[in-house]
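Please look at the sequence and the structure shown below before reading on. The report that follows takes up salt bridges, a pair of helices, a group of strands and a loop residue in turn.

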Amino acid sequence: MTLRKRENMGHITSKEAYKNLEERINWFTQGAPASQTLYKILEVLYSEKEAKWISLLPIRPFTAKKAAQIWGTTELKAEKVLDHLCEKALLVDSFHNGQRKFVMPPPMAGFFEFALMRTRGDIDQKYLSELYYQYMNVEEDFVKDLFYATETRLGRVFVQEPVLSTENTLHILDHERASHIVEDAQYIGLGTCYCRHKMFHAGHPCEIDAPLDVCLTFGNVARSLAEHGGHARLISKEEAYDALERSYASNLVQIGENVREDPMFICNCCGCCCEALQAARKFSPMQPVATTNYIPEVSKEKCISCGKCAKVCPILAIKMEDKNAVIDTDICLGCGVCVGNCPIKAIELKRRAVQIITPVNSTHRFVLQAIEKGTLQNLIFDNHAFANHRAMAAVFGTILKLPPVKQMLASRQMKSIYLDKLLSMKKKKTD
């Protein structure tokens with residue numbers, strides 16, 4: 001075989017490895033639309049061998065033994081490869097009943113961000129940031145898919161607790177408070193804000209010069225990122241509260257995983273850099289994240305028309321009209337930034353008339369999003385993800401708790417006799 005033919009064969013093999021990885025990523029409920037830019041991003045983050053290895057892995061958590069079976073190697077060799085992938089934050093690990101498991105995080109919040117959550121020399125972070133900017137801020141397909149492809153949102157906004165009235169403080173639910181998430185977390189990680197880091201390298205530095213070291217991760221994700229490669233550092237609850245206080249002072253919005261129990265992250269976001277808040281501005285009135293259960297209300301009698309609230313609103317939801325601040329309640333996130341900046345306390349947060357429903361946990365959110373996107377079969381029939389009955393039961397159990405309309409959609413997507421029987425049994429019990 002000539003050298004030219006060998007080079008062409010090598011190029012085809014390389015392209016196939018990244019194509020398979022792209023397809024594997026898109027088995028997630030949250031995927032990454034194909035483009036030449038995405039291909040270049042994957043080439044920066046993954047070697048050709050890494051792309052080939054990861055494209056074969058399950059969606060749901062798996063052991064080193066399972067990876068060894070899939071790759072056709074020994075468990076010891078598989079674990080060394082998995083450790084290496086954790087060091088690059090392309091996988092994260094966790095421990096369940098003493099057993100170590102691995103999982104590939106989605107692109108966001110996941111391996112896209114992890115690559116820029118610390119300064120590192122093994123990849124060209126400036127080049128990667130420019131690719132991210134092209135893929136997310138210019139091409140937009142990824143952002144639209146990430147934030148608008150499903151009714152159930154990936155992220156949700158936390159209300160700024162310091163601006164709550166005494167009455168609101170008494171009635172706020174635990175999962176609505178960032179402080180509760182901090183207090184309840186076994187591990188807390190602090191990393192560099194991916195969004196502002198990316199925008200700095202891409203030539204669009206933060207307009208308000210917000211702090212970089214305020215990205216919070218929790219639980220096993222925090223531990224894994226800290227232990228493997230130092231993508232975050234483990235911090236105390238006091239340090240986490242300090243990060244929140246610094247973020248409040250900089251008028252940042254807290255956006256976390258859209259779950260009630262054990263959220264993986266809370267980002268502290270500015271309107272100029274954060275993809276979610278940028279999407280809120282660009283695609284208004286569509287909201288890219290779930291709002292809080294609060295809405296600000298302006299007292300016309302007290303308002304002095306200083307305009308400070310309009311200047312700090314991260315999604316430009318406030319305008320000055322007839323010497324009064326007017327809030328567009330259709331797009332307002334209910335973060336409370338405006339309340340904290342009113343010098344005469346003319347703005348007060350009120351509970352929304354219709355309360356926002358938050359998924360219980362990650363499995364609940366995954367299943368809801370998969371149903372809404374029509375990809376539930378990917379979760380259920382992944383070659384390796386649900387090889388055991390316990391994992392299947394977790395998904396089916398979540399489906400059985402959903403409203404009848406969602407159950408019907410799930411049943412249609414899966415065309416599963418087993419699920420149909422479960423649903424019919426449940427109906428008989430409730431009739």
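The side chains of K282 and E140 meet in a salt bridge, with N to O at 3.0 Å; a salt bridge here is a side-chain nitrogen of Lys or Arg within 4 Å of a carboxyl oxygen of Asp or Glu. This pair links distant parts of the chain, since K282 belongs to helix α14 (residues 275–282) while E140 lies in the loop between α7 and α8 (141–148), 142 residues apart. Helices (H or I, at least four residues) and strands (E, at least two) are DSSP runs, numbered from the N terminus.

K282 has a relative accessible area of 44% and is therefore partly exposed, whereas E140, at 18% relative accessibility, counts as buried. Buried means under 20% relative accessible area, exposed over 50%, and partly exposed in between, with a 1.4 Å probe and protein chains only.

## About the model

This is a predicted model, in which local features need pLDDT of at least 70 and side-chain atom pairs count only at pLDDT 80 or more, while totals for chains, interfaces and linings use all residues. Residues are numbered from 1 along each chain as its sequence is written, and side-chain values use heavy atoms, with hydrogens and water left out.

## Further salt bridges

The structure holds 19 salt bridges. One of them joins R246 to D242, with the closest N and O atoms 2.9 Å apart, and both residues lie in helix α13 (residues 237–249), four residues apart, which is about one turn of the helix. R246 counts as partly exposed because its relative accessibility is 25%, and D242 is likewise partly exposed at 40%.

E239 forms a salt bridge with R233, where the closest N and O atoms are 3.3 Å apart. E239 is partly exposed at 32% relative accessibility, and R233 is partly exposed with a relative accessible area of 43%.

## Two helices in contact

The axes of helix α6 (residues 107–114) and helix α7 (residues 125–138) come within 12 Å and cross at roughly 155 degrees; axes are lines fitted to C-alpha atoms, for helices over the stretch in contact, and angles run from 0 to 180 degrees between N-to-C directions. The two helices, α6 and α7, are therefore roughly antiparallel to each other, a term used for angles over 145 degrees.

M108, F111 and F112 in α6 meet Y132, Y135 and M136 in α7, where contact means heavy atoms within 4.5 Å. The residues of this contact divide into six nonpolar, no polar and no charged.

## Strand β8 and its partners

Strand β8 (residues 265–269) is mostly covered, as four of its five residues are buried. Strand β7 (residues 253–257) pairs with β8 in the antiparallel sense over four bridges, and two strands pair if DSSP finds at least two bridges between them. Within this pairing, G256 has I266 in β8 as its bridge partner.

Strand β5 (residues 215–218) also pairs with β8 in the antiparallel sense, over two bridges, and T217 stands opposite F265 in β8.

## A residue in a loop

The C-alpha atoms of D209 and R196 are separated by 9.1 Å, and the two residues are 13 residues apart along the chain.

Key
Angles under 35 degrees count as roughly parallel, over 145 as roughly antiparallel, 65 to 115 as roughly perpendicular and the rest as oblique. Ala, Val, Leu, Ile, Met, Phe, Trp, Tyr, Cys and Pro count as nonpolar, Asp, Glu, Lys and Arg as charged, and the others, Gly among them, as polar.
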